[in-house]
Amino acid sequence: KKKKAESRPVAAAEPAAEPVAKKRGYRGQEFKIVQDATKLSNYTGTTDLLSANEFPFTRSLRDFRASSDFYIYLVESTTDNGEDGSPLQWHEVQWKSLLENWNRNSTFDDIITLSTSLQNENAERAENVMPKKFVIHCLPKTASTTLRKACRRHLWTNCEALELPMKQDPFGFRQIDDFFTAVRYCPEIDHFCVQGGDDMMTIINHEEKAESEQEGEGESYPLHFIHMVPFRNFDSWVESAVKQVFVIDGSCDRIGQLLDHNCLGYREMYMELYPKIALALLTGMGFNANDKGLTGEGKSQHHIVLYNYQDTDVIMAETSRYFGIEPLARTDEQAKANRGEGTCPARISDKFHECHDETLMTQDSIRMLRPERKRRTQEMREMKHALQCLRSGRQIGCQHDEEEDGDSGGDGVSEAVVVENVVS
């Protein structure tokens, strides 16, 4: 903490800031609010309603009533080297079309063929638009470690109002209240990383606490959240996830037993962490936001952008520049480019496909958000129980002592298990 305090630039005329409050966030990690800075630095203060309808985002969640109404935006760079100022090509595609046609063999080019190309007829920037915040949904085997590290450093170094612990993940990565605390108190931060595929990260359908519950956190203003979701071919994603399990565990015994037992996931090999399934969850949250009346005028707006994970650095940089935002630094690093030799036998990936290929083609959470959350919670409890058995050298289905299972209740168990699996 001392090192961090010394690294913060402080204007000569300003006295050292006294902590306003000490709080605890995800898993009890302590953070300090050191400045009462809750107003957006780029908010104009205008009394006019701000708009999110700046090209290419011409559609609104409030028009979303069915799969055919909901559109995902696609972005690709039109140059190979991603040099500064290189143009971007934007597309839009119906979620229903993605749901029906994105299969295990689909490439990003295949996804592009399903879409409609968008052309900006007006080169001038729109006026009176909402401040934009990029929400980067980090999913395993799609440059997620690189992005998570970049966001962590960016938030830890540049947020002036919060003194944050230097943990493995950025503040707010896995906890919705921490995420909105960072958004509220860190107006200088335009890129936030969150755990993709997490049903508890309800950013799109989040309901703000009543004013009396916000403990003086100040007025919030409508924001335009751009949700960045990576694409990776399903077969390629599975093979990379299988290898990562082998690299970490040194064997494939545990994942083999879990797959054989009700197709349970493990570490990166969890179907809900594949990009298409993460998109399905986000569409469900969008539908739920409409039901709650969270998408009308004067409310924060949300749009979802799908990009090719192989172009992560170029897309992150150029999409930011496109909207006049300073790019997130260090997205060009390759955190897991060099991994050891070896992987699991083919039967592991074959079993995963046997378990989940149908889910890949049918998972749609538009009207199933609550049942989906219940299903995930039940499955994670089962996985936690199975892992406890395996770690204690017993067979799946073993009986635990009461004290072993004492912390297994509640909805939070699902994400606790996923967290341990993905980042360990």
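Which residues of H9 are buried? The buried residues of H9 are Thr-312, Val-314, Ile-315, Met-316, Ala-317, Glu-318, Thr-319 and Ser-320, where buried means under 20% relative accessible area, exposed over 50% and partly exposed in between (1.4 Å probe, protein chains only). This is a predicted model, in which local features need pLDDT of at least 70 and side-chain atom pairs count only at pLDDT 80 or more, while totals for chains, interfaces and linings use all residues. Residues are numbered from 1 along each chain as its sequence is written, and side-chain values use heavy atoms, with hydrogens and water left out.

**Enclosed helices**

- Helices (H or I, at least four residues) and strands (E, at least two) are DSSP runs, numbered from the N terminus.
- Just after H9, Gly-324 adopts a positive phi of about 70°.
- Helix H5 (residues 176–185) is likewise largely enclosed by the rest of the structure, because 9 of its 10 residues are buried. Among them are Asp-178, Phe-179, Phe-180 and Arg-184.
- The N-terminal end of H5 is capped by Gln-175, which places a side-chain oxygen 2.8 Å from the backbone nitrogen of Asp-177.

**Nonpolar cores**

- The largest nonpolar core contains 57 residues, and Met-269, Leu-279 and Leu-306 have the most contacts inside it. Such a core is a set of buried Ala, Val, Leu, Ile, Met, Phe, Trp, Tyr and Cys residues joined through side-chain atoms within 4.5 Å.
- Helix H8 (residues 275–291) supplies the largest share of this core, 9 residues.
- A second, separate core of 24 residues includes Phe-55, Phe-134, Ala-150 and Tyr-307.
- Not counting residues up to four places away in sequence, Leu-279 touches Ile-72, Trp-95, Leu-98, Trp-102, Val-229, Ile-304 and Leu-306. Contact means heavy atoms within 4.5 Å.

**Buried polar residues in loops**

- Gln-363 lies in the loop between helix H10 (346–362) and helix H11 (369–391), and is buried at a relative accessible area of 13%.
- The side chains of Gln-363 and Glu-372 are joined by a polar contact of 3.2 Å. A polar contact is a pair of N or O atoms within 3.5 Å; within protein, one must be able to donate a hydrogen and the other to accept it, and residues adjacent in sequence count only if both atoms are side-chain atoms.
- Ser-106 occupies the loop between helix H2 (95–101) and helix H3 (108–113), and is buried at 4% relative accessibility.
- A polar atom of the Ser-106 side chain lies 2.9 Å from the backbone nitrogen of Asn-103.
- Beyond its neighbours within four places in sequence, Ser-106 is in contact with Asn-101, Ile-111, Phe-231 and Asn-233.

**Aromatic residues**

- The whole structure holds 19 aromatic pairs. Rings of Phe, Tyr and Trp (its six-membered ring) pair if their centres lie within 6.5 Å; planes under 30 degrees apart count as stacked, over 60 as edge-to-face and the rest as tilted.
- Trp-90 and Tyr-322 form a tilted pair, 5.7 Å centre to centre with 55° between the planes. This pair links distant parts of the chain, with Trp-90 in strand S4 (residues 88–94) and Tyr-322 in helix H9, 232 residues apart.
- Trp-90 is buried, at a relative accessible area of 1%, whereas Tyr-322 is partly exposed at 28%.
- Trp-102, Phe-108, Phe-231, Phe-234, Trp-237, Tyr-274 and Phe-352 make up one aromatic cluster.

**Disulfides**

- The structure contains 5 disulfides, each being a pair of cysteine sulfur atoms within 2.5 Å.
- Cys-252 and Cys-344 form a disulfide with their sulfur atoms 2.0 Å apart. The torsion about its S-S bond is about -100°, so this disulfide is left-handed.
- Both Cys-252 and Cys-344 are buried.
- Cys-263 is joined to Cys-355 at an S to S distance of 2.1 Å, and this link is left-handed, with -75° about the S-S bond.
- Cys-138 is in no disulfide, and the nearest cysteine sulfur, that of Cys-193, is 3.9 Å away. Cys-138 is buried, at 3% relative accessibility.
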